[in-house]
Amino acid sequence: MKKLNKSIILETIIADSPISRTAISEKTGLNKATVSNLVNELIASQLVCETGPGESSGGRKPVMLLFNREAGYAVGVDLGVNYILTVLTDLQGRIIKERRVSLHENGFDYVLEQLHDSIRWALAKAPDSPYGVIGIGIGVPGLVRPDGMIMTAPNLRWNKIDLKSQIEETFQLPVTIDNEANAGALGEKSYGDYQTAKDMIYVSAGIGIGVGIILNNHLYRGFSGFSGEMGHMTINLDGRPCSCGNRGCWELYASENALLEEAAKVLGEEQTADEMTLDYLVHLAEKGRKEVIELFRSVGYYLGVGIANVINTFNPELVIIGNRLSLIKSWIEESLQACVEERSLQYHHKRVQIEFSKLAMKSAAVGAATLAIQAFFAQSKATVEEG
């Protein structure tokens, strides 16, 4: 019971610090002597530290307690189709270091080598701390089983890849792998600007499209753990063939890949395929190129088509658009909002808030680090309760 109570107190401090011992007692229902003794043990373990005095309600000012977010660090990786974004965070998801590298092919051996290099870089940047690096989280654009097995990642052309075991064997650290849109939703819910939203849909609009679903403050994974593959919902019955085997999928019309394919048709004589990038199109749009701005507006409209379907299905409080297409907000927002207003049901649209992520490209990487942090505390709690 003592160890269970210590776990409860730590969770309370993490959620509500700075907090006094008295406030912990009031929130948890534990008596003040128990709280004081267990807080002292947490201080000794360096997970909690004391800070300055708080506000007094009449007597002596209480000593406030803080969670020691620098007691350890986590590595978060957003494994994209053409990039790897790696962050090193403290135990509250604050980014300490970040690094982005481009991927020039999708072969597993090549990507694994780049992934190893990125993780080694992050580990080398971790400051000294009592617990060191506590784990590695990786977000992947595909179907990931609860045990971390990547069943399929169509845009990477991967099937049945046990990336988790290979990374754990190399680095001898716990590894958590999840779908990158799930990681992005978790990053937004934990550290974004709209943490109070109970029902939130995160739309990861990059090379493809994935959706992370937060319902009643919890990440919804579905019966088999594969929820959120809404990039493959049909929006054009007789549309283009998709790598998933379907036709007319949302991401064929509203993703970065779709944008670049259309741009190649319009601007093909200006740039080679390798030079046709989102950054290049942004450069042209900033110079006022009308055909590029129209391409952006078109992609924004198609993004709105899918988001209207999401709103009609989930009736969420908030929709957050992240990943690469959040970088072109100023050109796609108007057509996106107009489409959503036109196509979503009146009562669903009336109260929904649609925002572009302030974390932008970092949502999934921060969320992946959060997965590692959650696994660390879950294991710590299990050890405490079994002890």
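## The second largest cavity

About 30 Å³ of space lies in the second largest cavity of this predicted model. Its lining is made up of G142, L143, V144, D178, N179, N182, G225, F226, S227 and E229. Two elements, β8 (143–144) and β11 (175–179), each give two or more residues to that lining.

Sorted by class, the residues around the second largest cavity are 3 nonpolar, 5 polar and 2 charged.

## The largest cavity

How many cavities of 30 Å³ or more are there? The count comes to 2, and the largest has a volume of about 240 Å³.

Here 24 residues form the lining, and P141, N155, E180, G208 and I209 are the ones nearest the centre of the largest cavity. The elements giving two or more residues to this lining are β4 (73–79), α6 (180–191) and β13 (209–215). By class, the lining of the largest cavity holds 8 nonpolar, 10 polar and 6 charged residues.

## Helix α8

Let's turn to a helix. With 12 residues, α8 runs over residues 256–267. From its first C-alpha to its last, α8 reaches 16 Å, close to the 16 Å expected at 1.5 Å a residue.

Which residues of α8 are buried? They are E256, A258, L259, L260, A263 and L267. These buried residues pack against three helices: α7 (251–254), α9 (278–286) and α10 (290–314).

Note on methods:
Residues are numbered from 1 along each chain as its sequence is written. This is a predicted model: local features need pLDDT of at least 70, side-chain atom pairs count only at pLDDT 80 or more; totals for chains, interfaces and linings use all residues. Side-chain values use heavy atoms; hydrogens and water are left out. Helices (H or I, at least four residues) and strands (E, at least two) are DSSP runs, numbered from the N terminus. The expected span of a helix is 1.5 Å times one less than its number of residues. Buried means under 20% relative accessible area, exposed over 50%, partly exposed in between (1.4 Å probe, protein chains only). Contact means heavy atoms within 4.5 Å. On a 1 Å grid over the protein atoms alone, a cavity is a set of points where a 1.4 Å probe fits but cannot get out, and a pocket is an open set with protein on both sides within 12 Å along at least five of seven lines; lining residues have an atom within 4 Å of a point. Grid points are joined across faces, edges and corners, and a volume is the space filled by probe spheres set on the points. Ala, Val, Leu, Ile, Met, Phe, Trp, Tyr, Cys and Pro count as nonpolar, Asp, Glu, Lys and Arg as charged, and the others, Gly among them, as polar.
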